[in-house]
Amino acid sequence: MGVRGLQSYILAKCPDSLVPVDLTANTGDKKKRLIIIEGWSCLRSVYGPHMDFICGGQWQEFRASIRRFVNTFQTAHCELVVFFSGGIEEDMRCEWARRKSQTQDTVNMVMQGLRQRGYAPDRKHFLPNETHPQVFRQVLLSCHVKVISTPYSTDKAMVEYAHKHGAYGILANDSDFIMMNAPRYLSLHHLRISGNTISTVIVDREKISSSLELPLSLFPLLSCLLGNDVVNFEVLDGFHKRLLSDSGEGGEEKKKKEGIQLVTAVTDFLKALDDSIKMDISGHIAEIVKQVLPNCEKTEEMHALFLSGLEQYKESNSSVETDEAPVTKVNVTVVEKEKPKQREKVEKKKEVQTVEAPEEEVEEDKDVQQITDLVGETKIVDEPSTPANDEETTEDIKTEEEEVKTVSSGQPVEEEEGEETEEEKASESESEKDEAVPKKLVTVPAITSKVLQSAKTAHISGTLNTHLYPLMCTGTFSLAPLFEDAKDKDVLSSALLYRTARQRIYGLVFGIGRGWVKGDSKRQRSTKIDTQREVTVKEYIVNGSKKNLAEPEEVAAIPVHAPSAKQPPRKPTPHIDRLWIGMSAKIQELRRSTLLAVMNSNIPSFCNPSVIANEYLLVCMVLRYILTTGNKMLREYELDAFLATALSPQLHLGPSHLYKINPGQRLTSRGCSLAHVFVRGVETALLANDACNYPINLRFCFIGNFFDGKLFQLKLAQARAGMSLLDVCDGELYAVDYLRHLRCVITEELPRSVFAPPPPGPHHGRSS
């Protein structure tokens with residue numbers, strides 16, 4: 001993102017502001033140069049122009065390119081810190097929706113050309129999906145590069161981090177850094193790496209200020225009047241047309257020289273403002289808005305919008321790495337039952353405990369803090385330990401009690417249920433009478449502070465999926481478009497295909513469909529499912545048919561073991577605290593079974609590690625999920641093509657070999673759509689894997705270990721042409737046998753009708 005038209009203006013009118021710099025030059029200082037990198041911008045540069053993206057991605061080459069990039073900087077005595085953004089702020093939602101709508105138009109254009117000509121599109125149409133930044137982060141961490149993920153946008157956090165740690169500069173492709181007081185803005189667009197030489201340019205904001213004859217203090221307002229991430233340029237469209245009309249430029253000329261003419265016109269407008277307004281922009285925002293948007297009816301809304309746009313450029317003392325306790329906006333209403341026999345006891349306890357309550361609260365806070373510290377350490381550890389099972393159950397029960405005690409205001413409420421007597425345990429009739437007692441509703445956070453703190457720690461360090469922590473805090477989820485053919489009605493949009501899996505992930509995170517906890521002395525969990533908790537997540541998805549992307553879809557979280565949103569769960573949802581804290585063998589099995597349930601794969605064959613090797617578990621889960629959704633979008637030979645790709649020995653010959661693969665003379669839109677549907681399925685499974693605390697070890701989660709886009713298109717073309725499995729599997733008999741084994745496991749208990757019918761023609765499938 002960035003400031004509209006500013007880059008074009010600088011290149012055309014301020015070439016002196018681009019100061020060449022050689023990052024490999026020896027400065028005589030033994031201290032390494034600290035360079036802050038904006039991850040999303042860098043991703044486009046690291047995913048090289050020679051790499052295919054329409055076929056599904058070349059992931060091993062992407063990993064090799066990242067390693068070369070990091071190694072070159074490390075050889076040049078540079079230390080890297082890479083920032084990644086998390087969720088989308090509400091102020092930036094309109095701009096996000098506008099850009100994603102443009103992206104969807106690009107996807108439709110590319111897929112139309114693919115249907116008509118069958119050729120791969122130009123590199124300029126490359127669109128990263130959710131898997132690209134996840135792979136980028138993991139490879140950077142394996143190269144010992146510090147990664148920081150922010151809950152929202154990264155610009156302000158990067159500038160604050162750079163000042164705090166004395167960074168040499170910020171390497172990015174975002175003109176917002178020109179508006180900020182960044183130490184040095186290094187242009188990623190001008191970055192050139194040749195051998196061990198790294199060169200780029202420093203964008204000198206002082207020289208830009210001199211060229212514009214505008215003080216630096218007015219740069220934030222210049223950004224807001226040009227259009228940035230907060231103040232959408234569509235809001236300013238009338239203002240821009242008026243300025244360009246006054247300067248003698250028509251509509252066609254505006255399109256040709258939009259950046260240069262617009263920046264000049266807005267700069268002249270700023271110079272004409274009264275000095276009193278220039279001295280206190282925020283205090284005179286009403287006058288500025290009145291001049292910019294004289295016919296606007298929503299004046300208060302526009303005032304808030306412009307103030308928010310200015311605020312993003314102000315410096316603050318906060319840091320993304322602070323110990324500030326995270327909070328969630330997602331609340332649920334739970335039922336607190338009060339037993340008739342205990343009402344008098346509760347009233348007496350209230351009188352007695354009024355003096356003792358503060359001490360108990362202090363002790364409880366200490367216990368919670370100790371558990372929080374423990375969670376922060378154990379969340380990112382892969383090596384299991386073996387605490388006692390009764391301790392895990394105790395932690396689980398404490399979490400249940402904490403949720404009932406904590407109201408939305410954060411103040412503890414009196415626990416009125418108390419301890420059950422022996423008579424109450426033995427009598428079922430009395431329990432039926434209890435149900436007739438009026439229920440007391442208590443509003444509590446949908447997720448505990450222990451899990452939130454653990455998720456924040458893992459999110460900032462880059463070890464957690466970037467979608468998970470913003471989901472916990474805001475209850476929102478965003479998905480960008482993929483290269484999918486919206487005209488092909490036989491292939492469902494991946495955003496809709498994996499919605500049920502996402503709903504189960506929401507249910508796991510927010511505790512939908514968990515089991516009740518008995519109040520007896522044994523403190524055991526009941527098999528009765530809690531049906532009172534309800535959470536709705538706002539999904540912002542781009543699926544090719546949705547028009548207004550700024551308006552979310554309300555999606556209900558469902559229990560993990562529910563077949564669908566309309567069917568009841570088979571058994572209770574496990575508590576996320578147990579999955580994140582416990583390390584016993586029983587908890588490890590629970591993590592795996594929970595992940596399998598999310599992906600429609602909770603059958604005996606998948607639960608047994610000896611049946612499916614760990615390196616192929618993700619592939620099998622995603623393919624079985626596609627078959628069990630009832631959409632009949634996958635044909636039998638297409639299933640074989642995915643499995644043959646995962647088992648192909650060509651994956652182990654290195655990225656240089658995969659680069660030389662020719663997927664065929666003509667690509668099909670269906671084949672490319674299926675590849676991207678599969679990639680999104682892997683990303684969904686990895687999101688569930690993070691939510692379950694890594695039942696699949698991270699070394700088996702790299703998509704390049706079992707998938708390559710060009711190789712898949714080659715296998716798909718061979719299978720579609722009717723070649724034998726032996727030929728599709730590169731003549732390897734063991735691969736043929738294991739492919740048949742995996743096919744049997746994936747289709748276990750499924751009828752043949754789950755497959756889509758073959759296309760018409762003489763060759764439409766394999767010869768087994």
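Trainee: Which residues of α3 are buried?

Mentor: The buried residues of α3 are W59, Q60, E61, F62, A64, S65, I66, F69, V70, T72 and F73, where buried means under 20% relative accessible area, exposed means over 50%, and partly exposed lies in between (1.4 Å probe, protein chains only). Please keep in mind that this is a predicted model, in which local features need pLDDT of at least 70 and side-chain atom pairs count only at pLDDT 80 or more, while totals for chains, interfaces and linings use all residues. Residues are numbered from 1 along each chain as its sequence is written, and side-chain values use heavy atoms, with hydrogens and water left out.

Trainee: How many residues does helix α3 have, and what span does it reach?

Mentor: Helix α3 covers residues 59–75, which is 17 residues, and reaches 24 Å from its first C-alpha to its last, close to the 24 Å expected at 1.5 Å a residue; the expected span is 1.5 Å times one less than the number of residues. Helices (H or I, at least four residues) and strands (E, at least two) are DSSP runs, numbered from the N terminus. Just after α3, H77 takes a positive phi of about 65°.

Trainee: Changing topic, how many aromatic pairs are there?

Mentor: Rings of Phe, Tyr and Trp (its six-membered ring) pair if their centres lie within 6.5 Å, with planes under 30 degrees apart counted as stacked, over 60 as edge-to-face and the rest as tilted, and by this rule the count comes to 19 aromatic pairs. F53 and F483 form a tilted pair, at 5.6 Å centre to centre with 45° between the planes. That pair links distant parts of the chain, 430 residues apart, with F53 in the loop between α2 (39–46) and α3, and F483 in the loop between β11 (476–479) and α22 (494–497).

Trainee: Are F53 and F483 buried or exposed?

Mentor: F53 counts as buried because its relative accessibility is 7%, and F483 counts as buried because its value is 2%.

Trainee: And why is the pair of W59 and F62 edge-to-face?

Mentor: The ring centres of W59 and F62 are 6.4 Å apart and the planes stand at 65°, so the pair is edge-to-face. W59 and F62 both lie in helix α3, three residues apart, about one turn of the helix. An α-helix has 3.6 residues a turn, so residues three or four places apart point the same way. W59 and F62 also belong to one aromatic cluster, together with Y47, F53, F84, F126, F136 and F483.

Trainee: What lies over the face of Y540?

Mentor: R93 lies over the face of Y540, at 3.6 Å from the ring centre; a charge sits over a ring if NZ of Lys or CZ of Arg is within 6 Å of the ring centre and within 35 degrees of the ring normal. Y540 is found in strand β14 (residues 536–541), and Y540 is buried, with a relative accessible area of 4%. Leaving aside neighbours within four places in sequence, the residues in contact with Y540 include E90, R93, W96 and P552, where contact means heavy atoms within 4.5 Å.

Trainee: Where is S493, and what is S493 in contact with?

Mentor: S493 has its place in the loop between β11 and α22, and counts as buried at 13% relative accessibility. Apart from neighbours within four places in sequence, S493 is in contact with E484 and N543.
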